[in-house]
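Take a look at the fold below. Then walk through it from the whole chain to the ligands.

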Amino acid sequence: MVFPAEVNVIKHPLVQHKLTLMRQAETHTQDFRRLLKEISMLLAYEVTRDLPVKYEKIRTPLAEMDAPVLAADKNMVIVSIMRAGQGLLDGMLELIPTAKVGHIGLYREPTTLTVVEYYLKLPNDTEHRDMLVVDPMLATGNSAVAAVDRLKEANPLSIKFVCLLAAPEGIQCFHEQHPDVPIYTAAVDERLDEHGYIVPGVGDAGDRLYGTK
Ligand SMILES: O=P(O)(O)OC[C@H]1O[C@H](OP(=O)(O)OP(=O)(O)O)[C@H](O)[C@@H]1O
Ligand SMILES: O=c1cc[nH]c(=O)[nH]1
Ligand SMILES: [Mg+2]
């Protein structure tokens, strides 16, 4: 499984407009969650551009035709990095309802920014599936690297990492460890602050999604 490293920034105006709304400090939980769901559908559209299709004979009201459908033998697994990954997962599943879902529970220890894994549950046929790993934030990159380290053990056909925002530091770290995994993001921000938060960013994605502190 070796692909060239890539960062795909989805510059579509709808994505950028919704991201701006999410960034604003006065945007409350309900709207933040709705906007992330809407953006995740648009990201899903971009990240699935190369899905294979096959042709099946169908009948419209007027004629028969060979029409494209998703090739059933190339189903996907979407893995959410909990907790904030859930905010991307929901929209993706609306667009790709046949995908199976895995969960990996990780949190960033706030002082050292190292990663603690607390949960892992994957479908048992992952080696026959293409995998999308979703988490809104790629900050230091530690969480994404730890997740993909673990998920590679399940030997999926391919892996793509999908986020809302990435910091240059996180992209570099991720590429060093996983040069074969392309990144899809709505924006690459300026930098990390001294607490490892993305600046200008959206703040703490999990807290803003679920109204915690
Ligand atoms: O690139 P990193 O520096 O590792 O930071 C990114 C991680 O931080 C956030 O999760 P958090 O640890 O806050 O957990 P939560 O989703 O449960 O809020 C975010 O959802 C990523 O998983
Ligand atoms: O800016 C950041 C960095 C890590 N996790 C977040 O939720 N936000
Ligand atoms: Mg958080």
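The tour starts with some ground rules.

This is a predicted model, in which local features need pLDDT of at least 70 and side-chain atom pairs count only at pLDDT 80 or more, while totals for chains, interfaces and linings use all residues. Residues are numbered from 1 along each chain as its sequence is written, and chains are lettered from A and ligands numbered from 1 in the order in which they are written.

Begin with the whole protein. Its secondary structure comes to 6 helices and 14 strands. Here helices (H or I, at least four residues) and strands (E, at least two) are DSSP runs, numbered from the N terminus. The C-alpha trace spans about 60 × 40 × 30 Å along its principal axes. Of the 213 residues, 36% count as buried, meaning that 20 or more other C-beta atoms, placed from the backbone, lie within 10 Å of the residue's own.

Now turn to ligand 1. Its shell holds 21 residues, and the closest are Arg-108, Ala-139, Thr-140, Ser-143 and Gly-206. A residue belongs there if its C-beta atom, placed from the backbone, lies within 6 Å of the molecule. Strand S5 (100-108), strand S8 (137-138), helix H4 (142-152) and helix H6 (205-210) each supply at least two residues of this shell.

What surrounds ligand 2? The residues are Ala-84, Met-137, Ala-139, Gly-196, Tyr-197, Ile-198, Gly-201, Asp-204, Ala-205 and Gly-206.

Technical notes: Buried ≥ 20, exposed ≤ 12 C-beta atoms within 10 Å, placed from the backbone.
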